[in-house]
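Hi everyone, thanks for coming. Let me put something on the screen, and then I'll talk you through a few parts of it.

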Amino acid sequence: MNPLLLTDGYKVDHRRQYPDGTTLVYSNWTPRKSRIENVEEVVFFGLQYFIKKYIIEDFERVFFKQPKEEVVKKYARRINNYLGENQVGTKHIEDLHDLGYIPMVFKALPEGASVPIRVPMFTMYNTKPEFFWLTNYFETLLSAVIWLPCNSATIAKQYRKVLDRFAEETSSVPEFVNWQAHDFSMRGMGGVEAAVTSAAGHLLSFTGTDTIPAIDFFEEYYNANSDNELIGGSVAATEHSVMCMGTTEGEFETFERLITKVYPKGIVSIVSDTWDLWKVLTDYLPRLKNDIISREGKVVVRPDSGDPIHILCGNPYGKTEEERKGVIELLWDVFGGTTNDKGYKELVSQIGAIYGDSITVERATKICEKLKEKGFASTNVVLGIGSFTYQYNTRDTFGFAMKATYGEVNGEGRAIFKDPITDDGTKKSAKGLMKIELENGTYKLVDQVSWDEERKGELKEVFRDGKLLVNHSLAEIRETIKK
């Protein structure tokens, strides 16, 4: 589809609504408000993908390289059928096609940076006066593509902070946190692009994912190479259909066959609550103990029904001893392990657990707290992070908005802003040209600056007139996240 049609309908005639003599529109992309408690910085991620995919690749393929008459005819048909006969016109579309590239500048902070609320992540403006209308024309497409990877990267970083903290306190293998939050969200996301860009945001902080196309995403758009670096990975794992097909009477044999014949070595994750989780833990696994301990690899028990805190850590009010102990303590009873130098128990390396349903940052924190209280290292368990975490968010989670703050009309600059009297201050925009400064490791906005000042600071040109100027790698962004 022509990228110029990937927009809200009201955008198409804004060109004629600006004052006569308008030659420049300068806008920014900013998180304005956090709706997640204690999160006041948002991870910036996704602009490079947007520029490569839409501003360069798609425009080249389905706009500039297509016959002008055909492009213009299709555009006119769509707009006239949509709005009725009107004066939107096509001359500006023809002129853009003749130009052969997108005459814009994008200036941005480094991808992976944590940006405080109300500080712009990037700015953009047109480089040729006749194309002033392009800047905010892109608002809809930009917003639709970029808010989600920013959201997911930010939320993944919150998980990372929690898991790092408890691993530092309780574990002898804090590096295991790279694998401790595993992305299971793809099937629950709002379409494939949402699933992939969200999964990419997760992979900035972790390496565990079941979203295979996120690996291609990083190779295609962020200079990664899975031949020589770990982008993301997973393990062999069953699902309920596999376990059901073995029948209730043959469930033990299913476990035995998987552990000893299908996967005699390596990691295998076996969903264990198709029927009776407690029977698996207290009957099947003890009978298979010697097979499991003698394996070169790990058997991972996967429950995914019930309250994950109680299932993993035990419910003191449970009706049975198994319910009161929970998965990790029951595994310890069977397989044992070691007590590390920090004084916490770690299961033998051949057994582990993953819980893959309804995990939130709050529940992850509680699970780690409960394990610590019981004397277990937090890294005894992996948490599956799904669409319950990554899909239940919107553009308003961090109040993302693209707003124009400066323009030029008849050669004169105008610092513009919005400040609705009926609003609580969230929608009040910055004003004029912008400069971002770095003070004590924190980004700070300075607005209403001159063009000379705008050229300084932390916002760097990443795109100008059809050319990508900065080409981040996944490795660079992961380093930025860590900083």
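Predicted model: local features only at pLDDT ≥ 70, side-chain atom pairs only at ≥ 80, totals over all residues.

Residues are numbered from 1 along each chain as its sequence is written, and side-chain values use heavy atoms, with hydrogens and water left out.

Let's begin with helices. Two packed helices are described by the angle between their axes and the distance between the axes. Helices here are DSSP runs of H or I with at least four residues, strands are E runs of at least two, and both are numbered from the N terminus. Axes are lines fitted to C-alpha atoms, for helices over the stretch in contact, with angles from 0 to 180 degrees between N-to-C directions.

Please find helix H2 (residues 47–64) and helix H6 (residues 139–170): their axes come within 9 Å and cross at roughly 130°. H2 and H6 are therefore oblique to each other; angles under 35 degrees count as roughly parallel, over 145 as roughly antiparallel, 65 to 115 as roughly perpendicular and the rest as oblique. Who makes the contact, meaning heavy atoms within 4.5 Å? From H2 come Leu47, Tyr49, Phe50 and Tyr54, and from H6 come Leu141, Leu142, Val145 and Ile146.

Now compare helix H3 (residues 68–83) with helix H4 (residues 91–99). Their axes come within 10 Å and cross at roughly 150°, so H3 and H4 are roughly antiparallel. Lys68, Val71, Val72 and Tyr75 of H3 meet His92, Ile93, Glu94, His97 and Asp98 of H4.

On to the rings. How many aromatic pairs does a search of the whole structure find? There are 32. Rings of Phe, Tyr and Trp (its six-membered ring) pair if their centres lie within 6.5 Å; planes under 30 degrees apart count as stacked, over 60 as edge-to-face and the rest as tilted. One of the pairs is Tyr26 with Tyr125, stacked at 5.7 Å centre to centre with 25° between the planes. Tyr26 sits in strand E1 (residues 22–31) and Tyr125 in strand E5 (residues 122–126), so the pair ties together parts 99 residues apart in sequence.

Tyr26 is buried, at 0% relative accessibility, and Tyr125 is buried at 9%; buried means under 20% relative accessible area, exposed over 50%, partly exposed in between (1.4 Å probe, protein chains only).

Key. Contact = heavy atoms within 4.5 Å.
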